[in-house]
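Please consider the structure shown here with attention to its charged side chains.

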Amino acid sequence: MKSNKRIIPKSQIKLQNILQRLLKEPILYTEFFELLEKASDTIYENPELEFELLISNGLPLDFDDKYVFLRTTKTLINEQVFCIVDIETNGGSAKKGYQIIELGAVKYKNGEIIDKFDSLVYAKEIPPYVQEVTKITPNMLENAPRLEKVLQDFKIFLGDDVFVAHDIKFDYTFISDSFEKYNLGKLLNRKLCTIDLTKRTIQSEKYGLSSLKEVLNINVDNHHRAYYDALTTAIVFQKSLENIDKNKIKIVEELINFSKSDNIINNQQKKD
């Protein structure tokens with residue numbers, strides 16, 4: 001016997017679908033909130049609360065009288081604040097119980113460092129190989145602030161700036177997973193990887209940070225310490241910006257798209 005019960009299909013709309021559309025065009029204010037209400041992976045049923053959550057998690061949403069839009073689709077590169085981040089950890093994944101032991105960042109805007117963040121983080125254990133690479137010892141962390149406090153402070157520091165790192169997947173994922181562990185939301189900031197960007201702007205055989213320091217004659221000591229690697233990355237980022245075609249790449253999202261494009265220098269040379 002067939003049931004007469006009506007089956008209501010689950011919404012196929014997800015937050016990622018809304019973001020992809022925002023990257024192409026602004027969305028009418030009323031329609032945006034209707035989409036949030038229909039999305040299947042929101043935290044809140046109330047779309048206004050969900051909107052506030054997205055903003056608090058670093059998504060650069062803005063709105064005018066009629067439309068909601070991503071500011072990075074309209075902001076010029078020289079008007080954008082980029083938060084350039086590096087972390088040292090005692091293992092490969094926050095989800096596997098490892099943690100950040102040092103977090104460093106600099107804020108970069110239009111050729112200048114305008115702010116910095118630099119903190120060791122208390123940890124009970126540091127594997128010998130990590131101590132050897134970073135020169136961070138357990139004694140150095142005895143009086144350091146706890147991870148939750150450092151993450152809270154960093155979340156405020158980061159705001160909704162564009163998150164930049166040399167190997168974005170590691171730093172962004174590790175920090176986002178750490179945020180979620182302490183109920184601080186998750187990262188939704190727009191992001192850019194300087195490994196990807198330098199492959200399209202700087203000629204080098206290798207694109208690790210130490211190799212680029214040598215190629216670009218960057219004189220920053222203390223490699224594998226978070227703040228100093230963030231500072232080095234900022235210089236690398238600046239060098240990359242100097243090499244882009246400013247007639248074609250003016251807006252922040254254009255820069256992000258370019259960093260993911262097929263215009264890899266070494267690949268182009270092989271074709272030539």
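The paragraphs below follow the salt bridges of this predicted model.

The structure holds 8 salt bridges. One of them joins Arg225 and Glu102, whose side chains meet with an N to O distance of 2.8 Å. Arg225 belongs to the loop between helix 9 (209-215) and helix 10 (226-242), whereas Glu102 is part of strand 5 (residues 100-109), so this pair ties together parts that are 123 residues apart in sequence. Because buried means under 20% relative accessible area, Arg225 falls in that class at 18%. Glu102 is likewise buried, with a relative accessibility of 3%.

A further salt bridge is formed by Arg190 and Glu253, with the closest N and O atoms 2.8 Å apart. Here Arg190 lies in the loop between helix 7 (168-181) and strand 8 (191-193) and Glu253 in helix 11 (residues 252-259); the pair therefore ties together parts that are 63 residues apart in sequence. Arg190 counts as buried at 13% relative accessibility, and Glu253 is buried with a relative accessible area of 6%.

The salt bridge between Asp62 and Arg71 has its closest N and O atoms 3.8 Å apart. Asp62 counts as partly exposed, at 26% relative accessibility.

Methods: Residues numbered from 1 in each chain as written. Predicted model: local features only at pLDDT ≥ 70, side-chain atom pairs only at ≥ 80, totals over all residues. Heavy atoms only, no water. Salt bridge = Lys/Arg side-chain N within 4 Å of Asp/Glu carboxyl O. Buried < 20%, exposed > 50% of the residue type's maximum accessible area, 1.4 Å probe, protein only. Helix = DSSP H or I, 4+ residues; strand = E, 2+ residues; numbered from the N terminus.
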